[in-house]
Amino acid sequence: KGYPGWHIECSVMSMDYLDNTLDIHAGGEDHIFPHHENEIAQSEAVTGQPFARHWFHSSFVLIDQNKMSKSKGNVYTVADLIAKGYDPLVYRFFIFSGHYRSRLNFTWAALNDARNKLNRLIEFKNRLDKITDSGDPTLEVTELIEKTEESFRLALDNDLNTPKALDAILELVKNGNRLTDADQLTKSDATQIQDLL
């Protein structure tokens, strides 16, 4: 009666559109209590089944080490970033550069760093598109791809560690650019790398 109140709409919508048990339920760290705890209580009371198998709670994005707040005037929307000349993919790349459970500090310098890394990745892909040398895939590239894929998967399997996963991709870009500069990539190599990316 009364409590938990408005939290019930989320349980109802989840079960109506998805299922009684969700594989993954996400939300911000500020939703753990009371919102998610109430969703669990009311949903499991009705179904007798677990409400979610896995919980994914992300930490806050800070602005210059401060919590975002309209009263502080430090709230930026994607539209604001676009107006300042940033592609939304730059912001996405910035978000992936931090672990979801760690607070990420938004600064313009950090966003510029994300843009530079994303551009490095895009430029590398464009370089791969221009490789025309026929020939078999080289052993060095095959091993580089295997190492990158293993590092990437291990990082994501370790609590969705996106910063380490991105490090694996950027290491591939560095080594791929070195091989491209030395004219040691075949079209087959380039295709294998593009398939991995």
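**Core, helices and salt bridges**

Tutor: Let us begin with the inside, keeping in mind that this is a predicted model. The largest nonpolar core has 27 residues, and those with the most contacts inside it are F94, F106, L111, L128, L185 and I193.

Student: Which elements give two or more residues to this core?

Tutor: They are strand 3 (61-63), helix 4 (88-96), strand 5 (104-106), helix 5 (108-129), helix 6 (139-157), helix 7 (162-181) and helix 8 (187-196). Helix 5 provides the largest share of the core, with six residues.

Student: OK, and what is L185 in contact with, leaving aside its neighbours within four places in sequence?

Tutor: With those neighbours left aside, L185 is in contact with L128, I131, D133, V141, G176, L179, T180 and I193.

Student: What about T186, is that one buried or exposed?

Tutor: T186 is buried, because its relative accessible area is 8%, and the cut-off for buried is under 20%. This residue is found in the loop between helix 7 and helix 8. Not counting residues up to four places away in sequence, T186 touches I131, D133, S134, G135, D136 and P137.

Student: Moving on to helix 8, which of its residues are buried?

Tutor: The buried residues of helix 8 are D189, A190 and I193. Looking down the axis of helix 8, you would find these buried residues within an arc of 95°, so they line one face of the helix. The cover over the buried residues of helix 8 includes helix 5, helix 6 and helix 7.

Student: And which residues are buried in helix 2?

Tutor: In helix 2, which spans residues 32-47, the buried residues are H35, H36, N38, E39, Q42 and S43. They cover an arc of only 155° around the axis, and therefore they sit on the same side of helix 2. These buried residues pack against helix 1, strand 1 and strand 2 (52-58).

Student: What does the face turned away from the buried side of helix 2 carry?

Tutor: That face carries the exposed residues F33 and A45. Helix 2 is then followed by G48, which has a positive phi, near 75°.

Student: Which residues have a positive phi although they are not glycine?

Tutor: Among them is Q65, with a positive phi of about 70°, and this residue lies in the loop between strand 3 and strand 4 (66-67). Q65 is exposed, with a relative accessible area of 56%. Another one is D159, whose phi is positive at about 60°.

Student: Changing topic, how many salt bridges does the count come to?

Tutor: The count comes to nine salt bridges. In one of them, the side chains of R101 and D159 meet at 2.3 Å, N to O. This pair links distant parts of the chain, with R101 in the loop between helix 4 and strand 5 and D159 in the loop between helix 6 and helix 7, 58 residues apart. R101 counts as exposed, at 51% relative accessibility, whereas D159 counts as partly exposed, at 28%.

Student: Where are E140 and R178, the other pair I spotted?

Tutor: E140 is in helix 6 and R178 is in helix 7, 38 residues apart, and this pair too links distant parts of the chain. Their side chains meet in a salt bridge, at 3.2 Å, N to O. E140 is partly exposed, with a relative accessible area of 38%, and R178 counts as partly exposed at 43%.

Student: And by about how many helical turns are E171 and K174 separated?

Tutor: E171 and K174 are separated by about one helical turn, because they are three residues apart in helix 7. The side chains of E171 and K174 meet in a salt bridge, at 3.5 Å, N to O.

Student: Last topic: which residues form a nonpolar patch on the surface?

Tutor: M13, Y17 and L18 form such a patch, with about 390 Å² of accessible area together. L18 has its place in the loop between helix 1 (8-17) and strand 1 (22-28), and with a relative accessible area of 63%, L18 is exposed.

How values were computed
Residues are numbered from 1 along each chain as its sequence is written. This is a predicted model: local features need pLDDT of at least 70, side-chain atom pairs count only at pLDDT 80 or more; totals for chains, interfaces and linings use all residues. Side-chain values use heavy atoms; hydrogens and water are left out. A nonpolar core is a set of buried Ala, Val, Leu, Ile, Met, Phe, Trp, Tyr and Cys residues joined through side-chain atoms within 4.5 Å. Buried means under 20% relative accessible area, exposed over 50%, partly exposed in between (1.4 Å probe, protein chains only). Helices (H or I, at least four residues) and strands (E, at least two) are DSSP runs, numbered from the N terminus. Contact means heavy atoms within 4.5 Å. Patches are made of residues with over 30% relative accessible area and no salt bridge: like charges are joined within 9 Å, nonpolar side chains (Val, Leu, Ile, Met, Phe, Trp, Tyr) within 5 Å. Accessible areas come from the Shrake-Rupley method with a 1.4 Å probe; for residues, only the protein chains shown count as cover. A salt bridge is a side-chain nitrogen of Lys or Arg within 4 Å of a carboxyl oxygen of Asp or Glu. The arc is that of the directions from the helix axis to the C-beta atoms.
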